[in-house]
Amino acid sequence: MAQIGTEQNPVRVAIVGAGPSGFYAAEHILKDGDVHAQVDLFDRLPTPFGLVRGGVAPDHPKIKSVIRVYEKTAAREGFRFFGNVKVGHDVEVEDLERLYHAIVFTVGCETDRRLGIPGEELPGSHAATAFVGWYNAHPDYAGEEFDLSCERAVVIGNGNVAMDVARMLALTDHELRQTDTADHAIEMLDRSRVREVVVLGRRGPAQAAFTNPEVKELGEMEDADVVVDPADVELDPASREFIESDEADKTSRVNVEILREFAQRQPSGKRKRIVLRFLASPVEIQGDGRVEKIVIGRNELVDEDGTLRARDSGEREELECGLVLRSVGYTGIPIEGVPFDGGRGLILNEGGRVLDSHDAGHKVGHYAAGWIKRGPSGVIGTNKKDALETVRHLLADIADGKLLAPESPDPAAVESLLAERGVRFVSFEDWEAIDQAEVGRGEPHGRPRVKFVRVEEMLETLGEKVSG
Ligand code: NAP
């Protein structure tokens, strides 16, 4: 076989999932000085950027400015975007194996982890992933309904997503209307009667997963007081010892300082309250046909192999509420034909090389990067380094000739296949037209954009410009 990766025989790579790790993987491949590559980036949505568009809170526009970096990648020679193409539905992994030398899966962790407690499925109890998708105009969640007619909402979990959803429930209409929050969500949140948002952390302030700016922001809300019981920031001896030791990371130490400062505050009479509780686990969600209250178990911390973990003390408390948002992390969804580690909710891989099974070697030509490779952790930038590790392995495998042997490596073959199957794919140019239309809709209202919610609306905007 002729050497792949030369100007005459460029390596053809399919990347599945156009979130941050997909774009970083594309960037690393395309900017390599030694290998000539063509990258086709697929996404099931017509819109690129994954959680930067559909996850990052609308009141955090600065975080979204990373999109400029991805636009530069999209402008590189050899890059193509195939939006509105679902791998596993419109095309199968087997199809990609016939068309590309390598496939990189960067599909993220698309669903929520479960609590496994009674009442979790009651109407009024939702995964935070659904709430986040709903307020961010993700087409999958356009039809979700959240009953905001109750006085108290409970958010379970102590990560940054919990911070985001608590804040979104407490922003004023004025604050929301400056953002690109979905119109349907702005309307509902404007009419919300939620006055108290209780956030439950199963461990203590020193073990919280949120980061400093995100928790600090709760103390700076226009119309919401933050409330922390001083008893909750009294650390247990083991946490105190940890926080005062050299082992403690700066984030945990500063989190504790911020929470101690919150605990000293007197409520200033703002319309809403965000109450941060610790050592509190949901034990059961109860209600007659819908959420009416949550049973909370009081935890104590116990040392398990050097990690302080929550253990149920047996003490119980009931809290009335009408809405529960479960924000206890994300997990991956298996893709037909791709080995999956069900226990960890990830594609089975070693450093980004997909493995055939736990004790077998590399499934040649198959790679993973981002959350579906390492789990749902870190900030957006973490995925840059993560994708680099995967791409380094890919480049080494190209040099060693360990690649798939596609029957049709012609770049036009994928377009023909999609045309044959009647799939209206969205190119990057098409996306730019959708983008401009959204920005144009926002301008009269002084908003960054007004997002389209339904895929059909996006395609209609393109009119005859739709490719495929
Ligand atoms: P996360 O950071 O992993 O937090 C999950 C939280 O859920 C932890 O507090 C965890 O507690 C808790 N939890 C897990 N199982 C539980 C259970 N059964 N009962 C009660 N609590 C439970 O996940 P995330 O908030 O979904 O965020 C995902 C990633 O995205 C993180 O890396 C996050 O930093 C990032 N992110 C960043 C931003 C930002 O930079 N602004 C915004 C959003 C998300 P334990 O610690 O006890 O396990």
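Which residue has a backbone N or O atom 3.1 Å from an oxygen atom of the ligand? It is valine 161. This pair is a polar contact (N or O atoms within 3.5 Å). The model is predicted, so local features need pLDDT of at least 70 and side-chain atom pairs pLDDT 80 or more, while totals for chains, interfaces and linings use all residues. Residues are numbered from 1 along each chain as its sequence is written, and side-chain values use heavy atoms, without hydrogens and water.

An N or O atom of asparagine 160 lies 3.0 Å from a ligand oxygen. For arginine 203 the distance is 2.7 Å. The protein buries 80% of the 920 Å² that the ligand exposes when taken alone (Shrake-Rupley method, 1.4 Å probe).

Elsewhere, seven strands form an open sheet of mixed pairing, in the order E3-E2-E1-E4-E20-E19-E18. Strands are DSSP runs of at least two residues, helices of at least four. Two strands pair if DSSP finds at least two bridges between them. Strands E3 (79–82) and E18 (349–350) each have a single partner, so one side of each lacks a neighbour in the sheet. Strand E2 (residues 37–42) pairs with E3 in the parallel sense over four bridges. Here aspartate 40 stands opposite arginine 80 in E3. Helix H1 (residues 20–30) packs on the sheet and touches E1 (11–16), E2 and E3 (heavy atoms within 4.5 Å).

How values were computed
Axes fitted to C-alpha atoms, helices over the stretch in contact; angles between N-to-C directions. Polar contact = N/O pair within 3.5 Å; in protein donor to acceptor, adjacent residues only side chain to side chain.
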